Amino acid sequence: MNFIKQYHKKLTREMLEESIFIIDTNCLLSSLKDYVIGDKILEAFEKITNSTYIPFITQVEYLENELSVINNRKRNVGEVIMDIRLKNSAGQLKFMNSLVQEQWEQLCQRKKI
């Protein structure tokens, strides 16, 4: 049972100062998955450095998964860049088609086609 919920206590600064934080692999890897959240997680770790415990198995799992998370992140960024380029190309193509259409209509008006 969750101690805080059971006794309806609010989480206080004193409770945080007296706590020991045990970090798991997902928590460590999440800093690699999202740059914004990653910075915030690292800032939080700096505040609780003296009361943090990272189990050995967590360290091993982190090292085993670190490169795959980074490679997935690179692949996702690459896909986004490619998507932007494709949409940009499609936008330019639409623009060019509209220009050609306007020129065609002007030509037709001049030639009275």
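A residue is called buried here when its relative accessible area is under 20%, exposed when that area is over 50%, and partly exposed in between, with a 1.4 Å probe and protein chains only. The model is predicted, so that local features need pLDDT of at least 70 and side-chain atom pairs count only at pLDDT 80 or more, whereas totals for chains, interfaces and linings use all residues. Residues are numbered from 1 along each chain as its sequence is written, and side-chain values use heavy atoms, with hydrogens and water left out.

The chain holds five helices and two strands, where helices (H or I, at least four residues) and strands (E, at least two) are DSSP runs numbered from the N terminus. Read from the N terminus, the order of these elements is α-α-β-α-α-β-α. Of the 113 residues of the chain, 13% count as buried. Where residues at least 6 apart in sequence are in contact, meaning heavy atoms within 4.5 Å, 74% of those contacts join residues at least 24 apart.

One such place to begin is Tyr53, which belongs to strand β2 (residues 52-53) and, at 46% relative accessibility, counts as partly exposed. Leaving aside residues up to four places away in sequence, Tyr53 touches Phe21, Ile22 and Ile23.

Ile23 is also among the residues touched by Thr58, together with Asp24, Thr25 and Leu28, again not counting residues up to four places away in sequence. Thr58 is found in helix α5 (residues 56-111), and it is buried because its relative accessible area is 5%.

Turning to helix α3, the residues Thr25, Leu28, Leu29, Ser31 and Leu32 are buried. They cover an arc of only 140 degrees around the axis, taken from the directions from the helix axis to the C-beta atoms, and therefore lie on the same side of α3. An α-helix has 3.6 residues a turn, so residues three or four places apart point the same way.

Helix α3 (residues 25-33) packs against helix α4 (residues 35-47) at an angle of about 135 degrees, with the axes 6 Å apart. Those axes are lines fitted to C-alpha atoms, for helices over the stretch in contact, and the angles run from 0 to 180 degrees between N-to-C directions. The angle makes α3 oblique to α4, since angles under 35 degrees count as roughly parallel, over 145 as roughly antiparallel, 65 to 115 as roughly perpendicular and the rest as oblique. Cys27, Leu28, Ser30, Ser31 and Lys33 make the contact from α3, and Tyr35, Gly38, Ile41 and Phe45 make it from α4.

Ser31, which lies in helix α3, is buried, with a relative accessible area of 17%. Not counting residues up to four places away in sequence, Ser31 touches Gly38 and Ile41, while a polar atom of its side chain lies 2.7 Å from the backbone oxygen of Leu28.

Key
A polar contact is a pair of N or O atoms within 3.5 Å; within protein, one must be able to donate a hydrogen and the other to accept it, and residues adjacent in sequence count only if both atoms are side-chain atoms.
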